[in-house]
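Subject: Structure handover

Hello,

I am passing on the structure we spoke about.

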Amino acid sequence: LGYCGLAPQPTAEWTVLIYFCGDGDLEIYGVSELLQLEAAGGSPQVNVLFQLDRVPGPGIKEPIMRLMRETWTDGNWTGSRRYLLRPDRDPVRIDSLLLEKQGEIDASSATGFEEFCRWGITHFPARRYALFPSNHGAGTTGICFDETSGKLMRFPALEQALLRLGAFRRQQDGKDRFDFLSFWACLMGTLEVGYDVRDSAEYLFGTETRNYAQSNASWLKAL
């Protein structure tokens, strides 16, 4: 189910692309982040597109482990969904505009990640683009651990996807990189990561340590 015939929208000042792999123990953070963004609001000149992949069903029988992995917030739906952010202050229900239901996906796929970005750039053009890949990070080993597939997005595959996205953007507006790239993940703010993505973004944000570089959503009001 989705907006298969979604036409390109008017050009905005920013389009923010958030790719959240929540198929694992960070599911609760993915849902929480989207709810925080809704509460923060935003501007009509900023498109925020949020793709969230959740744990596919009650696979964990132990109550404590299930509590750590899953959240029943917003009905505990499964699979992957794409939203266009809409302001709302309901603390437990996602009220953003649902654009697409994808079913179960492998969120560690660099091909799927690239397709999401191309989809967002095509349908929500903007003067500037920000990209937020989010999940567990492991520096230049990779990012986005998908527990259902047992895989992660290897960094060389991510690096090549970012370069192809730069070429894709060049065809759209003449620019060849993202304006801002932020890794909401551990260990992705290192010199090595920055060097490897130097041709893919004007600015890079990440944490060098084993801390989740999660936004508190205040940045949204600044755009």
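This is a predicted model: local features need pLDDT of at least 70, side-chain atom pairs count only at pLDDT 80 or more; totals for chains, interfaces and linings use all residues.

Nonpolar cores

The largest nonpolar core has 37 residues, and the members that touch the most others in it are Phe113, Leu162 and Phe178. Two or more residues of this core come from each of β1 (12-21), α3 (110-123), β5 (126-134), β6 (142-146), α4 (155-173) and β8 (178-182). As general background, nonpolar side chains tend to be buried together in soluble globular proteins.

What does Leu162 contact, leaving aside its neighbours within four places in sequence? Its partners are Phe113, Leu131, Phe178, Leu181, Val197 and Ser200.

Positive phi angles

Cys144 is not a glycine, yet its phi is positive, at about 65°. Cys144 sits in strand β6. Is Cys144 buried or exposed? Cys144 counts as buried because its relative accessibility is 0%, and the cut-off for buried is under 20%.

Leu187, also a residue other than glycine, has a positive phi near 65°. Leu187 lies in the loop between β8 and α5 (191-196). With a relative accessibility of 23%, Leu187 counts as partly exposed.

Regards

Key: Residues are numbered from 1 along each chain as its sequence is written. Side-chain values use heavy atoms; hydrogens and water are left out. A nonpolar core is a set of buried Ala, Val, Leu, Ile, Met, Phe, Trp, Tyr and Cys residues joined through side-chain atoms within 4.5 Å. Buried means under 20% relative accessible area, exposed over 50%, partly exposed in between (1.4 Å probe, protein chains only). Helices (H or I, at least four residues) and strands (E, at least two) are DSSP runs, numbered from the N terminus. Contact means heavy atoms within 4.5 Å.
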